[in-house]
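Here are my notes for your review. Please read them with the coordinates open.

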Amino acid sequence: MCAVCGTESRQALFRATAPEQAPDLDLRPGQPLRATMGRWLQQCPHCGYSAPDITQAHPAAAQAVGGANYRALLNDASHPPLARRFLAWALVLEETGALHAAAEATLQAAWTADDLGRPELARSWRLEAVALWRSGPPLDAEQTVRVVDALRRAEEWEDAAHTARALLQDDPPEAVAQVLALELRLIEA
């Protein structure tokens, strides 16, 4: 039963399997988990509420789902359906103040656009994810690496390089420093 509108619907439960391949630099999981993105979120067929489990909702979710931005997003046929589901979940998370989680959902929409050969949408959603990460609580080193990767993939070379170099000046853990060095090489290339 949908926690927002009370409508009953049949929804598949998603149980993540361990990826067999390594994740991308932006932590997109490797296969076979990568191929399951279409099952990561449920969506109410009545109100459109999207979440990992639509039987649970933050009190602000109903307000977000009823809002004009949410309704417009659900009806925006220029966005792929799976991406709309991730973006809808991001709107709910943003409404509840979970900005880093909203950034993650927005990045997942970018992955969907990548898979569908829609680079303009992927770039736009990566930049939205960066804005959400930066407007939330302070980022840890690993989150900052994800910001660098999103900026690089969005071809925001200067911002990506500046962010990477700033984190390197803070003497991050060795593993983070190695990924940043790789990111800087990719940016320069």
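1. **Handedness of the α5/α6 crossing.** Helices α5 and α6 cross in a left-handed sense. This is a predicted model, so treat every point below as a reading of a prediction.

2. **Geometry of the pair.** Two packed helices are described by the angle between their axes and the distance between the axes. Here α5 covers residues 119-135 and α6 covers residues 141-153. Their axes come within 9 Å. The crossing angle is roughly 150°. Angles over 145 degrees count as roughly antiparallel, which means that α5 is roughly antiparallel to α6.

3. **Who makes the contact.** From α5, the contact residues are Arg126, Leu127, Val130, Trp133 and Arg134. From α6, they are Arg146, Val147, Ala150, Leu151 and Arg153. By class, the contact of α5 with α6 has 6 nonpolar residues and 4 charged ones.

4. **Cysteines.** How many disulfides does a search of the whole structure find? The count is 0. Cys5 and Cys44 deserve a check. The cysteine sulfur closest to that of Cys5 belongs to Cys44, at 3.6 Å. A disulfide needs the two sulfur atoms within 2.5 Å, so the sulfur of Cys5 is too far from that of Cys44 for a bond.

5. **Exposure of the two cysteines.** Cys44 has 3% relative accessibility and counts as buried. The cut-off for buried is under 20%.

6. **Gln21.** Gln21 lies in the segment before β1, the strand at 42-43. Its relative accessible area is 47%, so Gln21 is partly exposed. Which residues does Gln21 touch, leaving out those up to four places away in sequence? They are Gly30 and Gln31. Gln21 and Gln31 are 10 residues apart along the chain. Their C-alpha atoms are separated by 5.5 Å.

7. **Thr112.** Thr112 sits in helix α4, residues 99-115. Thr112 counts as buried because its relative accessibility is 4%. Leaving out residues up to four places away in sequence, Thr112 touches Met37, Leu82, Ala83 and Phe86.

8. **For a quick check.** Start with the left-handed crossing of α5 and α6. Then look at the 3.6 Å between the sulfurs of Cys5 and Cys44. Finish with Thr112 and its contacts, Phe86 among them.

How values were computed: Residues numbered from 1 in each chain as written. Predicted model: local features only at pLDDT ≥ 70, side-chain atom pairs only at ≥ 80, totals over all residues. Heavy atoms only, no water. Axes fitted to C-alpha atoms, helices over the stretch in contact; angles between N-to-C directions. Helix = DSSP H or I, 4+ residues; strand = E, 2+ residues; numbered from the N terminus. Parallel < 35°, antiparallel > 145°, perpendicular 65-115°, else oblique. Left-handed = near helix turned anticlockwise from the far one by under 90°. Contact = heavy atoms within 4.5 Å. Nonpolar A, V, L, I, M, F, W, Y, C, P; charged D, E, K, R; others polar. Buried < 20%, exposed > 50% of the residue type's maximum accessible area, 1.4 Å probe, protein only.
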